[in-house]
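Thank you all for coming this morning.

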Amino acid sequence: MAERAEPVLPVRTGWPLLAVLRRMAAMPLRDPFAFTGLLIYVLFVLVALFADQLAPTDPLEILFTKAGKLAANVPPSLDFPLGTTNLGRDIYAQLVHGTRSALAVGLSAAIIVAIVGTVVGLVAGYFGGMVDAVLMRIADMALSLPFLPFVIVLTGFLGASTSNIVLAVALLLWPNSARVIRSQVLTLRERAYVEAARVTGASSWRILFVHIAPNILPLSFVYAAIAIGWAIITEASVSFLGFGDSESVSWGYMLQDAFSSQALSRGQYAWFVPPGVCIILVVVAGFFISRGYEEVFMPRLRGR
Amino acid sequence: MILEIDGLKIHYSTRAGAVRAVDGASFAVPEGRIVGLVGESGCGKTTAVRAIMGVLAENGRRAGGRVVFKGQAIDEATTRKLLWREIAYVPQSAMSSLDPVYTVGAQLVEVLTKRGNASRSAARARAAELFDLVGLSESRLADYPHQFSGGMRQRAAIAMALALKPSLLLADEPVTALDVIVQRQILDMLRTLQQRLKLSMVLVTHDISVVAYLCDDVVVMYAGQVIESGPVREVLARPRHPYTMGLRNAFPDLMSDALELVPIGGSPPDLSDPPPGCRFAPRCPFVLAACTTSAALIADGGKQAHASACLRDDEAHSLRKAAMDPATWQRSSNFAMS
Amino acid sequence: MAALVELRDVVKHFPVGRSLGEVVRGEHPAVRALDGVSFDVGPGDAVAIVGESGCGKTTLGRLMLKLVEPTAGSIAFDGTPLAGLAGADLRHFRRQAQLVFQNPFDALNPRFTIYRAVAEPLLNAGIDRAEHMDRVASAFRRVHLPDLDRYLDKYPHQLSGGQLQRVVLARALVLAPRFLVADEPVSMLDVSVRAGILALMREVRDTMGLSAVYISHDLALVRYLCERTLVMYLGCIVEDGPTDEIVRRPRHPYTQALVAAVPVPDADQSRAPLPISGNVPDAREPPSGCRFRDRCPRAMARCAAETPLLRPIGDGHRVACHLDLA
């Protein structure tokens, strides 16, 4: 029998959390849909990061032609790849800079939803009793609120800024993931190896962290990916309805602007189609990724 | 013989290659008798029965051998027609295979009308008759499965199997999940049914005590092959295959004076790559060199009275004596590594 | 000699959801899993608790390890009551009392390697990492899995049932406990493997001087491991005595039916009808007085009116029955 100089916990016996995280990071490599989704995200992130280089024009700057007239509704050309709005603003610049706003909204909402939903689900599911009852009643209240009207009302109270929209979306989306994670925790809590951990003296926090959390992490990612799409659409809807942040340019703002300038009836497709397509792409990408994590979580969903 | 299995081979295709779950099994079921098909997990007994019924998993297929029912060779296509009508099957999870959203009576009536072409009123009358047959009160026809205890659900599953008056009943571990008193009641009921309806039965189980209690004949399987078969009394009192001898030692007997349970060292072979020759050879205390190269299979479709697939069959008497001594098994090279 | 584990009048009721009618009537229906159980486990004893499903034996095992709290009554370990144990005292108790599970495949976290699983109790008890390897190695030796390197890096799904159960036992022994509760430890294993695990448990008990409680529904198996057997029915102990006596000369009518119902590997065994009728009653509303009376072939009027208490009828043998069974 080989002698070990000192007790080595070989890398593979390390914290199961690391193994799970590694597996989740590798998931898109196996699933073509999720890979596409990831590519789309990466593309948009790059656009957002290099927005200033890709579109040096200020999206809100009113532009004038060389002749001194307002450069309104200019059709797509080399100077203005997507043309201009009826107030002379560069549509292409708006699209590119709008990416930042979209991603900021999507990712921050996703992170908040993932963290809050997971923590609440873990705590409510494992500790049960009063804690569970209180948390789930709060979740029920949040779920009973109508989505868009609540967002509008909240931004009305707190001010129409992007961060308030993110807050409103997160407040409404966390219960979904919390409830599903909670029911998963309820199942895991009864497993024999969790009982074994209790018998061998593990503290509740240790059990939560080491035994239960790694098994529900894929679920958190599923809901986070869904939240990105929801948040972006909500922001777009709110902006479209005119309640959005008028200081920053977002795709929803572009759609609202196009609508009120009757771009549809005038046939100015270059104005309203691109932002719509971008919204669709980001939401679909989020869906593909969440579908991929669903299969990590429930391998039986994978096709044979 | 109502059922004859001759050299049956069932292979499962998996990512790791073909698993030869049943590899040349032969046995026969005499008409009107209860045959126990006994073996440990992975020996192929459930697979064999499912193959007879044509309800194998998608990646399983028959790779050889014949199944003859009432003189006619049957394959997966013909079995489907026979399902429920001539041959009935009570699967392993029968207790939980009852649909929870319908009453038990409704499920029985459905079998009778859909598969048996009976009218609804005739079906309802027959359902009451069937419940009476299995010892359930007729008033429980209107109950849902969750209102039944485990034993009652098993009775209901057997009633469903008998609905269309089959001549052969295949039951896979029908009493394993039940408490011992309920188990005894179900076994008694099966015996009564068999006598009243002149049924032939195949009872799949891992418990040789159950086989001793209920069955007339026994077929012992190991690693996908039949290694011994014969009348229960004979096989238990005078086993001829070392595996059966070892099994006998490993089985607790409530009434015996012995205070030793002797394990069989080692574990069953990997069926995706079984060893050549006798599959029990790695664990057998009586192994010879010849055993690892050539196997002895039971021939003649198992028609001999008491057959054993062992090269040293003619020494069975002395081997049996040695098998009763725990030291024989402890000396076996793979002891204690199960 | 003082008992290691003492149970006195332990009661455990599990409340069930109430219908509107029951709420209105002020009723609190509950599953009465245990109703007044008292017995001792001495140091070095091996006691079997047998009974059918619903008799409360699993709940009893969990109570003895403080995985569940009793509704009433007291449980004491080494003189210290379990109620109110917390913090360092609770951790100290946990080191001394361990559990062996029924399903080896579920008792180990599928994401942990074998080494990590067996070392976990050491981590929980705060034992210095430098000692882990030695302790794990000696636990593995005890369960006859000597080639450590073969197993340490493997995951549970790579091992057989018998090997896994040995690992579960190793994990239970790594802190050198004084008391072991085994809940149906072999019922999920193949027959040819069971004998090996049972022999191992017997050996471990002898070499480590453990006290053990062995919970099973299989009367035929407990004979090989335990000198003393408790027979339970619907939350009460009905008979408590030397295993050999229980099997050969059962006194309580339920024990008699239970023993008669066990099949043996003998083609000529008795097939006489069992001396018992009906089915197990609902645990929410057990019969008054003696719980077995509605199935007992020898029930008397007294049985409905008065609950029989466990009374001694011989050497270390107690029965809860109104009949004269000495």
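Predicted model: local features only at pLDDT ≥ 70, side-chain atom pairs only at ≥ 80, totals over all residues.

**Chain C and its neighbours**

Let me start with one of the interfaces, where 30 residues of chain C are in contact with 22 residues of chain A, two residues being in contact if their C-beta atoms, placed from the backbone, lie within 7 Å. Residues are numbered from 1 along each chain as its sequence is written, and chains are lettered from A and ligands numbered from 1 in the order in which they are written.

On the side of chain C that touches chain A, helix H3 (87-96), strand E6 (97-100), helix H4 (114-124), helix H5 (129-142) and helix H6 (148-151) of chain C each supply at least two residues; helices (H or I, at least four residues) and strands (E, at least two) are DSSP runs, numbered from the N terminus. H4(C) gives the largest share of that side, with 5 residues. By type, the residues of the side of chain C that touches chain A divide into 13 nonpolar, 6 polar and 11 charged, where Ala, Val, Leu, Ile, Met, Phe, Trp, Tyr, Cys and Pro count as nonpolar, Asp, Glu, Lys and Arg as charged, and the others, Gly among them, as polar.

Which chains share the most contacts? Of the 2 pairs of chains in contact, that is chains B and C, and their contact takes 34 residues from chain C and 33 residues from chain B. The largest share of the side of chain C that touches chain B comes from H8(C), with 8 residues, and the residues of that side divide into 20 nonpolar, 9 polar and 5 charged. Chain A and chain B, by contrast, are joined by no contact, and their closest C-alpha atoms lie 11 Å apart.

As for chain C itself, there are 12 helices and 12 strands in it. Its radius of gyration, taken over C-alpha atoms, is 21 Å, close to the 20 Å that the globule rule (2.2 Å times the number of residues to the power 0.38) gives for 326 residues, so chain C is as compact as a globular protein of that length. Of the 326 residues of chain C, 50% count as buried, meaning that 20 or more other C-beta atoms, placed from the backbone, lie within 10 Å of a residue's own.

**The sheet in chain B**

Turning now to chain B, we find an open sheet of 7 strands in the order E6-E7-E8-E3-E9-E10-E11, with mixed pairing; two strands pair if DSSP finds at least two bridges between them. The edge strands are E6 and strand E11 (307-308) of chain B, each of which pairs on one side only.

Strand E6 (residues 87-90) of chain B pairs with strand E7 (residues 168-172) of chain B in the parallel sense over 4 bridges, and Val90(B) stands opposite Ala171(B) in E7(B). Is E6(B) covered or open on its faces? Both faces are covered, with Ile87(B) and Tyr89(B) on one side and Ala88(B) and Val90(B) on the other, all of them buried.

Elsewhere in the sheet, strand E9 (residues 217-222) and strand E10 (residues 225-231) of chain B pair in the antiparallel sense over 6 bridges, and Val219(B) has Ser229(B) in E10(B) as its bridge partner.

Note on methods:
Buried ≥ 20, exposed ≤ 12 C-beta atoms within 10 Å, placed from the backbone.
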